[in-house]
Amino acid sequence: MGISTILGVTACKATRGLLRIAKRGGTTVPGRAAMVFDKNILAKVSENMDTIIVTGTNGKTTTCRMLEQALSKSLEGTDKTVLANKSGANLLKGVTAEFTANATFTGKPKSQYAIIECDEGALKQVAPLVKPKVILVTNLFRDQLDRYGEVTHTLEHIRIGIEKVPKATICLNADCSLVSSLAKDIPNEVIYYGIDCPYGDQSDPEISDAKYCINCGTEYEYDYHTYAHLGGFKCPKCGYKRHATDVAVTSVDKLTAKGTELTMEFSDSATGGRVPCRGNSDNEYKRDTGPVPLSRKQEHVLVGLPAIYNVYNAVGAICAYTAAGFERADIIKSLAETGTSFGRMETFKLDGVDVQMILVKNPAGCNQAINYVTSIEEDKTVAVCLNDRTADGHDISWIWDAEYERIAEDDRIKNIIVSGDRAEDIGLRLKYGGVDESRIEIVKGWDNLINRMKQSDNPVFVLPNYTSMTSLRAPLAEITGKGEFWKG
């Protein structure tokens, strides 16, 4: 390694050390400091590591948590370790900071494996430097419109990133017509995962980020729905349709607030290996299975998290884990004990009051969070927090597409609190969603909100967007003895 790399590593470690003494986290600035000396330092400090990258709109952090937890447990008793950007700093500078801080002063990686969450727009920068073994794409929804624009722009960012690493195995959500379309014309080995059965309300969703065929513009038809635009889509004109899955949920047997029981099937060759697919220029994306006939192995899987979107996170994690060459049995066992990642179904005990925080940042994710909260058959308090800072996207118009009407319809919600920089806006949205204005409490300031939650006679469910989540979590974690956000 050259002097520039040594200086970059030194700058990164020193900057991170000082920032963490100041309790500032040190998630992105150290990466910027390293890149001052060596703009491509990430390629050197990640060299020869087996890396799984997870990208997509929703589910990145939780899916990475599932992967990192399973791999760490499988390595117990060995001298091998796993690197993960648990803080969620997923742009180029944040990923660079994580890898560089983990390296020796000469730039040699200390860990053998890495599980990395990567922003959709940053994949084209990160992937060619890290050279991942596997890339998992979760889903695509409208998110931060002022930053990404239309969802097809985000899709193109991901496609460019994949094209730069043709040797990486790509795991695609077969139920998302946008994600599935990535397989077209790429040379990579592709493996599909998804939910092979209907779930929930089977009427056509009112909000859809992918209503029309990405190839010909015809409105999709559906054999079944799971949520939002995910499900068994098909184009009646050009024939583009949901691809057959290699890793699939065949039934959701039980879904409660504490976890989910699933029946899953896996396509295996006679030797137990994974079944590859390759993208083709036609709409069917024909399976390249070779001469070995396929078999489907069925297993019962317990996931220690609630909600249908965590089912997708789990099946995607299994797909990526096995695609990287690890044992499926290890991750299936680990999923039963999956812990929450910060702000995603994370729970706090606040002076005897149970507080659960559920990050929401776009209509699809928000609707699923609301569905989860309203499905809980007990009295509760709901706090909705909204900021409009850079990391959130300054355009908050998406709140008018989310189904806040469901909150008004749930008579078990005894208190409704709004907070954050745009508290009045979310309060107005709730009012137009049918919530009586007299029931909406505006509480400004995170300390004031915490004090208000302490007074609740019922469990509290907090629905914050990103910066309101991180801002509220810091004092909440300190009071309740939780770790700093960068520790995951």
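Q: How far apart are the mean positions of the positive and negative charges in the protein chain?
A: They are 7 Å apart, for 58 positive and 63 negative charges. Lys and Arg count as positive, Asp and Glu as negative; His and the chain ends are not counted. Each charge is placed at NZ of Lys, CZ of Arg, CG of Asp or CD of Glu.

Q: What kind of model is this?
A: A predicted one: local features need pLDDT of at least 70, side-chain atom pairs need 80 or more, and totals for chains, interfaces and linings use all residues. Residues are numbered from 1 along each chain as its sequence is written, and side-chain values use heavy atoms, without hydrogens and water.

Q: Switching to strand E15, residues 380-385: how many of its residues are buried?
A: 6 of 6. Buried means under 20% relative accessible area, with a 1.4 Å probe and protein chains only. Strands are DSSP runs of E, at least two residues, numbered from the N terminus.

Q: Which residues sit on which side?
A: Lys380, Val382 and Val384 are on one side, and Thr381, Ala383 and Cys385 are on the other. Both faces are covered.

Q: Which strands does E15 pair with?
A: E16 (residues 413-419), through 6 bridges, running parallel. Also E18 (residues 460-464), through 5 bridges, again parallel. Pairing takes at least two DSSP bridges.

Q: And what does Val384 face in each?
A: Its bridge partner in E16 is Val418. In E18, Val384 stands opposite Leu463.

Q: How much of the whole protein chain is buried?
A: 57% of its 488 residues.

Terms used
Buried means under 20% relative accessible area, exposed over 50%, partly exposed in between (1.4 Å probe, protein chains only). Helices (H or I, at least four residues) and strands (E, at least two) are DSSP runs, numbered from the N terminus.
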